[in-house]
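I have opened my notebook for a friendly walk through this structure. Have a look at it with me, and then read what I looked up.

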Amino acid sequence: MFTIEHEFDASVITLVDEGTLPLQEDIVINAFAECITLEQFNPVEGRAEKVTLSIEQVRDLSAALDLPEGVYRIRPESEHDEEP
């Protein structure tokens, strides 16, 4: 299950684990114009852990989900049109 909220400076997506036990803590994704943050409560540490991804890293992650093993670099669209 997930929820989506649109706030002034970000879209906030919350992923709720409804799988099999043991369930994982909710993940809160904040989509800002310049970056994406992921936060999840760590019950062992008693605090939230936060990861920040650049827009380019999110683009690469999205592409990686549909590709086989390997090493890849995604070129910006402007580089596709340039002559060698």
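This is a predicted model: local features need pLDDT of at least 70, side-chain atom pairs count only at pLDDT 80 or more; totals for chains, interfaces and linings use all residues.

**Entry 1**

Residues are numbered from 1 along each chain as its sequence is written, and side-chain values use heavy atoms, with hydrogens and water left out.

For patches, I took residues with over 30% relative accessible area and no salt bridge, joining like charges within 9 Å and nonpolar side chains (Val, Leu, Ile, Met, Phe, Trp, Tyr) within 5 Å. Areas come from the Shrake-Rupley method with a 1.4 Å probe, and for residues only the protein chains shown count as cover.

Strands (E, at least two residues) and helices (H or I, at least four) are DSSP runs numbered from the N terminus. E7 counts as partly exposed because its relative accessibility is 48%; buried means under 20%, exposed over 50%, and partly exposed in between.

I also noted a nonpolar surface patch of about 300 Å², made by F2, I4 and L15. Of these, I4 belongs to strand β1, residues 2-6.

**Entry 1: salt bridges**

How many salt bridges does the structure hold? I found 2, taking a salt bridge as a side-chain nitrogen of Lys or Arg within 4 Å of a carboxyl oxygen of Asp or Glu. Side chains of opposite charge can pair when their charged atoms come close.

- R47 and E49 meet through their side chains at 3.8 Å, N to O. R47 is partly exposed at 44%, and E49 is partly exposed at 32%.
- R59 and D60 form a salt bridge at 3.0 Å, N to O. R59 counts as partly exposed at 36%, as does D60 at 35%.

Next I looked at strand β4, residues 35-42, where N42 has its place. Is N42 buried or exposed? N42 counts as buried, because its relative accessibility is 19%. Setting aside residues up to four places away in sequence, N42 touches R47, A48 and E49; contact means heavy atoms within 4.5 Å.

Beyond its neighbours within four places in sequence, F41 is in contact with E25, D26, G46, R47 and A48. I also checked F41 against L67: they are 26 residues apart in sequence and 30 Å apart in space, C-alpha to C-alpha.

Then I turned to T14, in strand β2, residues 11-15. T14 counts as buried because its relative accessibility is 15%. Which residues does T14 touch, not counting those up to four places away in sequence? I listed M1, F2, T3, D26, I27 and V28.

My last stop was P22, in the loop between β2 and β3 (27-31). The peptide bond from L21 to P22 is cis, with omega near 0°. Most peptide bonds are trans.

How values were computed. Buried means under 20% relative accessible area, exposed over 50%, partly exposed in between (1.4 Å probe, protein chains only).
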